[in-house]
Amino acid sequence: MDVKISPSILSSDYANLQSELSRIKNADLIHIDVMDGHFVPNITIGMPVIKALKGVCDIPFDVHLMISDPYDYADAFAKAGADIICFHIECKSNIEATIDRILFLGKKAALAIKPDTPVDSVIPYLNKLSMVLIMTVEPGFGGQSFMQKVLPKIRKIRELNESIDIEVDGGVDFETVKMAAEAGANVFVAGSAVFKSECPEEAIETLRNNALEQISDSTQIRLV
């Protein structure tokens with residue numbers, strides 16, 4: 001299982017985004033949070049910024065749509081440069097139609113769930129998804145604490161599908177990444193742990209190594 005670190009630019013210096021991207025060249029993905037002020041009580045960036053960043057970065061963009069009507073904007077985000085388009089099961093759009101539209105556009109589709117949303121809600125769509133994002137904080141703002149109560153949801157998805165990417169987002173640091181990896185996650189969104197560190201690239205490597213070590217230990221335990 002590939003471990004992927006997806007630094008969230010929500011914790012970066014928005015006045016110097018190009019420079020911030022140059023500090024994380026060893027990242028596997030770039031996590032971009034899009035908030036509309038309706039689905040969550042915050043507003044971030046949209047298509048023009050993503051398009052501009054795509055011109056100066058060749059790392060795949062992991063775009064997390066925290067918006068009410070993702071179907072209506074799938075085409076625009078695909079055109080702007082999203083490689084993975086992730087939207088919420090709790091949105092207003094038709095879920096299957098939105099997934100199908102993302103796939104038609106040649107992008108990878110991912111589905112996100114909030115901490116209190118039953119994990120069974122995503123199961124009917126697993127065969128069409130490249131990734132499931134399990135929020136480990138309430139969506140909307142960075143800097144929140146990791147919610148351990150969601151770990152059983154990660155385990156259930158991993159039991160059902162050994163190959164799908166399972167992403168966690170919220171409160172991921174050098175310790176909580178171990179808990180998430182042990183539960184079965186392999187894609188880790190980290191904001192403050194990366195961008196607030198003195199050396200973001202070293203932080204990325206530490207996160208990756210901590211996750212890999214835990215996944216290896218867990219595999220050995222299962223084999224025994």
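Predicted model: local features only at pLDDT ≥ 70, side-chain atom pairs only at ≥ 80, totals over all residues.
User: Let's start with S6. How many of its residues are buried?
Analyst: Strand S6 covers residues 131-135. Met-131, Leu-133 and Met-135 point one way, Val-132 and Ile-134 point the other way, and all are buried.

User: What is the bridge partner of Leu-133 in S7?
Analyst: S7 spans residues 165-169 and runs parallel to S6, with 5 bridges joining the two. Within S7, the partner of Leu-133 is Glu-167.

User: Over to H5. Why do its buried residues line one face of the helix?
Analyst: The buried residues in H5 are Leu-151, Lys-153, Ile-154, Ile-157 and Arg-158. Seen down the helix axis, they fall within a limited arc, so they line one face of H5; that arc is 160°.

User: What covers those buried residues of H5?
Analyst: Two of the buried ones, Leu-151 and Ile-154, are also among the H5 residues that meet H6. Strands are part of the cover too, and the list includes S5, S6, S7 and H6.

User: How many charged residues are in the contact of H5 with H6?
Analyst: From H5 come Leu-151, Ile-154, Arg-155 and Arg-158, and they meet Met-179, Ala-180, Glu-182 and Ala-183 in H6. By class, that contact has 5 nonpolar residues and no polar ones, and the charged count is 3.

User: At what angle do H5 and H6 pack?
Analyst: Two packed helices are described by the angle between their axes and the distance between the axes. H5 is residues 151-160 and H6 is residues 176-183. Their axes lie 8 Å apart, and the angle is about 35°.

User: Now the serines. Is Ser-68 buried or exposed?
Analyst: Ser-68 sits in the loop between strand S3 (61-66) and helix H3 (70-80). Leaving out residues up to four places away in sequence, it touches Asp-36, His-38, Phe-39, Cys-91, Lys-92 and Ser-93. The relative accessible area of Ser-68 is 10%, so it counts as buried.

User: How far apart in space are Ser-19 and Phe-146?
Analyst: Ser-19 belongs to helix H1, residues 17-21, and is partly exposed at 41% relative accessibility. Ser-19 and Phe-146 are 127 residues apart in sequence, and C-alpha to C-alpha the spacing is 28 Å.

Definitions and conventions:
Residues numbered from 1 in each chain as written. Heavy atoms only, no water. Axes fitted to C-alpha atoms, helices over the stretch in contact; angles between N-to-C directions. Helix = DSSP H or I, 4+ residues; strand = E, 2+ residues; numbered from the N terminus. Contact = heavy atoms within 4.5 Å. Nonpolar A, V, L, I, M, F, W, Y, C, P; charged D, E, K, R; others polar. Buried < 20%, exposed > 50% of the residue type's maximum accessible area, 1.4 Å probe, protein only. Pairing = 2+ DSSP bridges. Arc of directions from axis to C-beta.
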